[in-house]
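Please look over the sequence and the 3D structure shown here before reading the notes. They are meant for a first reading.

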Amino acid sequence: MTLAEVAPEPIDTPAAPETGGTLKVDLAAIEANWRTLSRRIPASECAAVVKANAYGLGLEPVAKRLAAAGCKTFFVADIAEARRLRPRVPEAAIYVLNGFSPGSGAAFLDLGARPVINSTTELAEWDAFVGQHNWHGGAALHVDTGMNRLGLPVDEAEALAPRVQTENHGITLLMSHLACAEIPGHPLNAAQIQLFKEIRLLFRGVPASLANSSGIFLGDAAHCDLARPGAALYGVNPTPGHPNPMQSVVELTARILQVRTLDFGATVGYGATWTAKRPSRLAVAAVGYADGLPRVLSGHDRPRGIAVIAGKLCPFVGRISMDLICIDITDLPEGAVHRGDQATFIGAGISVDDVATAAGTIGYELLTHLGARCHHIYSGA
Ligand SMILES: *Cc1c(COP(=O)(O)O)cnc(C)c1O
């Protein structure tokens, strides 16, 4: 399929003039990131994790774009996400990370989706369901090698291995998940890689998957047959502390509703937390914590957040409100900023990771909260 054949996805988004904030998602950059990751694992398949609405960026347009680029395997968290995904990727394998639960069989059958089996109980329920329906849907078997979240304990997986070779459980993927992949020197990486290698030997012939985004950068031993990147597709740096090998994907901008002047000693916003130490000028922009800008970026005495206005970095002042944010533009030339101009909060040199770090969180959390109410623009669609 060529790009020209991919019809633009109709997107349910408020019209630009009717919202303050705009979230721009660069689908071409997401595709480029998927290709970059694919090239790093030349002997393996590169899947895409599109859970949580593709990390907040829009499940449908993102998945459609990646499927058109050649991505054949997708991971979501739950069945509702698989249901949204299926029409966009009719041919692809869809794995549901949160697994099989009683009563969910019909949905897996209906969608042709595959549960990630996270315990022997789930495996028994799944076996019973596929047996009853004489269906060979496929499922991933998740073995816990050190995360201690979901997955079969190693001893149970070992006990199961001979049966998987002889009985048809329909296991199409053996997987595990790294706990510390973004810290390359962490001893748990080597331990998990080694343990998973040993378990793979017991499940000969079943494709295996271990690496998330950062796992792809841990070297060949972590690559296995299939990698499962999420965050790196969306521009989050999978190698913290080193230059980001991924292209940036999102831009968050907001309209400036007013430019106002402040006398020396005037305070700004709820709680009057900021006091003008000189006659000042403020830009009031139409975006707030309800749009996903973390309120902790307000800071206390010193602002933690910045925006780019008229090409310059300008600090937030006072508390971030639900719908508004005030920015100090005193250092810009008089007349440089007008009502209706745009302020940039992510983009223009401010990365998702910069904002997340300033807010004391990670890019993952920031992305999944962004833009619920914003006008969305998908470029490169
Ligand atoms: C979310 C998730 C991923 C993707 O992780 P990233 O760090 O975003 O690349 C891969 N595997 C599992 C099991 C996950 O839950």
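Predicted model: local features only at pLDDT ≥ 70, side-chain atom pairs only at ≥ 80, totals over all residues.

Residues are numbered from 1 along each chain as its sequence is written, and side-chain values use heavy atoms, with hydrogens and water left out.

**Overall chain**

- The protein chain has 10 helices and 19 strands; these are DSSP runs, numbered from the N terminus, with helices being H or I of at least four residues and strands being E of at least two.
- Of its 381 residues, 51% count as buried. Buried means under 20% relative accessible area, exposed over 50%, and partly exposed in between (1.4 Å probe, protein chains only).
- The C-alpha atoms fill a box of roughly 80 × 45 × 35 Å, taken along the principal axes.

**Helix α3 and the residue after it**

- Helix α3 (residues 59-69) is largely enclosed by the rest of the structure, because eight of its 11 residues are buried.
- The buried residues of α3 include Leu59, Val62 and Leu66.
- Among the elements that cover them are α1 (27-40), α2 and β19 (375-379).
- Glycine 70 follows α3 and has a positive phi, near 115°. Glycine 70 lies in the loop between α3 and β4 and is partly exposed, with a relative accessible area of 30%.

**Salt bridges**

- A search of the whole structure finds 10 salt bridges. A salt bridge is a side-chain nitrogen of Lys or Arg within 4 Å of a carboxyl oxygen of Asp or Glu.
- Arginine 35 forms a salt bridge with glutamate 31, with the closest N and O atoms 2.7 Å apart. Both residues lie in helix α1, four residues apart, about one turn of the helix. In general, an α-helix has 3.6 residues a turn, so residues three or four places apart point the same way.
- Glu31, Arg35 and Arg65 are linked in a network of salt bridges.
- Arginine 84 and glutamate 60 meet through their side chains in a salt bridge (2.8 Å, N to O). This pair links distant parts of the chain, with arginine 84 in helix α4 and glutamate 60 in helix α3, 24 residues apart.
- Glutamate 60 is buried, with a relative accessible area of 17%, whereas arginine 84 is partly exposed at 34% relative accessibility.

**Asparagine 53**

- Asparagine 53 lies in helix α2 (residues 51-55).
- Its side chain is joined to that of arginine 84 by a polar contact of 2.7 Å. A polar contact is a pair of N or O atoms within 3.5 Å; within protein, one must be able to donate a hydrogen and the other to accept it, and residues adjacent in sequence count only if both atoms are side-chain atoms.

**Glutamate 122**

- Glutamate 122 is found in helix α6 (residues 120-133).
- Glutamate 122 is buried yet has no salt bridge, and the nearest side chain of opposite charge, arginine 149, is 12 Å away. Lys and Arg count as positive and Asp and Glu as negative; His and the chain ends are not counted.
- The side chain of glutamate 122 reaches the backbone nitrogen of phenylalanine 100 at 3.0 Å.

Definitions and conventions. Contact = heavy atoms within 4.5 Å.
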